[in-house]
Amino acid sequence: MLENIQNTVDQVASGVVREQANKTDEGNFPRAGIDALGKAGVLGLLSSKDVGGQGGGMRDVTMAVERIARECASTAMVVTMHFSGVAVLEQFAPREVRQAVAKGEHLSTLALSEAGSRSHFWAPLSTAEKKNDVVVLNAKKSFSTAASNATAYVWSSKPVAAEGLSTLWLVPAKTPGVRVPSPFNGLGLRGNDSAPIVAENAQIPEAARLGKDGQGMSIMLEIVLPFFNVMSTAVSVGLMETATARTVAHVTQTSFEHANSKIADLPTIRAYVARMRLKTDMARALLLDTLDAVEKGRPDAVLRVLESKAGAAEAASDVLDLAMRVCGGAAFRKDVGVERLFRDARASTVMSPTTDLLYEFIGKAACGMELFA
Ligand SMILES: Cc1cc2nc3c(=O)[nH]c(=O)nc-3n(C[C@H](O)[C@H](O)[C@H](O)COP(=O)(O)OP(=O)(O)OC[C@H]3O[C@@H](n4cnc5c(N)ncnc54)[C@H](O)[C@@H]3O)c2cc1C
């Protein structure tokens, strides 16, 4: 793992990302944090050294995301989507785009989910038609993190001519005909700008295609899904770590003055804290084992990639439910610092592949069935 860059991530996370976290939760994109991460070389962590990047791998970006998530899950999810896109760009984008990513001058994201096929991201309904020298896009994307702040989208459509379910494109955010019709105003991850995007007869060059026509599904499943799932797991783990620490701080420092005791003196409270600690540590252990499985090409790597996101998302919802209960009425106030995490932790369950889709895939894998038969 690249130790120096993790120290840099730690500095930016404990500095500007922490300072901006509450402002970000008011619905503001974490521009200062993202710029600081770009300037420090962190957004180029996955870019290879031959284009000026750090040459890191899945473990490096996952650890970076986990550290950022301990301060601000909105920022961590913007970074997650950036690296999920960069994993594709590194393989298929032109050199100048990869160089801009490495320099921290290109913020990537995924524009996969659509109003029509919803969480079934592998089956876009949006179209790409070849007309003379250009490709014409029409689409209704339902959510794209950093929609109004990304440089370009890793974008899915139906294939132009080939067999298959989808084709991927690199679509610059400023492409005429591409627009964000309404801003994101969500329950959690309020700063991550996960707005819809519409394309109306937007023209891009055929060279903007990422991979072959019709290759989108295999790129999504083989490249995007492992990176996205593992980093989402890291966001959940980071949220749980901070929730547990803040809950412990609250119950050990808050007194029932009339009884000369602390909240932590109640055995039921300590049992709840124990469950929080246990679930956090179990999710972290699963995350680390997933990285190990992927790096070593273990036969259970695909299963672990599917399990880790589902397990950590559910654990994070449970841990944050417990944090709200254990910290009592005080938890409803912002100063205790768990209610933002409670809202943020819900998102991973419904971000695709959603927990219920993952249960379906894990069940099929466990029963020896084809995942997409
Ligand atoms: C904060 C946030 C950020 C996001 N960022 C991005 C992004 O950057 N890029 C992007 O492309 N998308 C993004 N998304 C979209 C996300 O990935 C999902 O596509 C979206 O949340 C699904 O919502 P929906 O209402 O369409 O779900 P629906 O598809 O309507 O699902 C409704 C329910 O049905 C369940 N369900 C669906 N299919 C099955 C099945 N086969 N078996 C069992 N249960 C099933 C789901 O689990 C869910 O519980 C984001 C979403 C959120 C909330």
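A polar contact is defined as a pair of N or O atoms within 3.5 Å; within protein, one atom must be able to donate a hydrogen and the other to accept it, and residues adjacent in sequence count only if both atoms are side-chain atoms. The structure is a predicted model, in which local features need pLDDT of at least 70 and side-chain atom pairs count only at pLDDT 80 or more, whereas totals for chains, interfaces and linings use all residues. Residues are numbered from 1 along each chain as its sequence is written, and side-chain values use heavy atoms, with hydrogens and water left out.

A nitrogen atom of the ligand lies 3.3 Å from a polar backbone atom of Phe 143. An oxygen atom of the ligand is placed 2.8 Å from a polar backbone atom of Thr 145, and an oxygen atom of the ligand is 2.6 Å from an N or O atom in the side chain of Ser 119. The ligand on its own has 980 Å² of accessible area, of which the protein covers 73% (Shrake-Rupley method, 1.4 Å probe; for residues, only the protein chains shown count as cover). Around the ligand there are 19 residues, a residue being near a molecule or strand if one of its heavy atoms lies within 4 Å of it. Of these residues, Ser 113, Arg 118, Ser 119, Val 350 and Thr 354 come nearest.

Secondary structure is assigned from DSSP runs numbered from the N terminus, with helices (H or I) of at least four residues and strands (E) of at least two; two strands pair if DSSP finds at least two bridges between them. Strands β4 (residues 152-157) and β5 (residues 167-172) run antiparallel and are joined by 6 bridges, with Tyr 153 opposite Val 171 in β5. Antiparallel pairing also links β5 to β8, over 2 bridges, and here Leu 168 faces Leu 210 in β8. Strand β5 is largely enclosed by the rest of the structure, because 5 of its 6 residues are buried (buried, under 20% relative accessible area; exposed, over 50%; partly exposed, in between; 1.4 Å probe, protein chains only).

Axes are lines fitted to C-alpha atoms, for helices over the stretch in contact, and angles run from 0 to 180 degrees between N-to-C directions; contact means heavy atoms within 4.5 Å.

A further open sheet of 4 strands has the order β2-β3-β7-β6 and antiparallel pairing. Strands β2 (127-131) and β6 (178-179) each have a single partner strand, so one side of each is left without a neighbour in the sheet. Strand β2 pairs with β3 (residues 134-144) over 5 bridges, and Ala 128 stands opposite Leu 137 in β3.

Two individual residues complete the description. Ser 236, in helix α6 (residues 216-253), counts as buried because its relative accessibility is 2%. Ser 236 touches Ala 312, Ala 313, Ala 316 and Ser 348, residues up to four places away in sequence not being counted. Gly 328 is located in the loop between α8 (301-326) and α9 (339-345) and is partly exposed, with a relative accessible area of 26%. Gly 328 and His 250 are 78 residues apart in sequence, and their C-alpha atoms are 10.0 Å apart in space.
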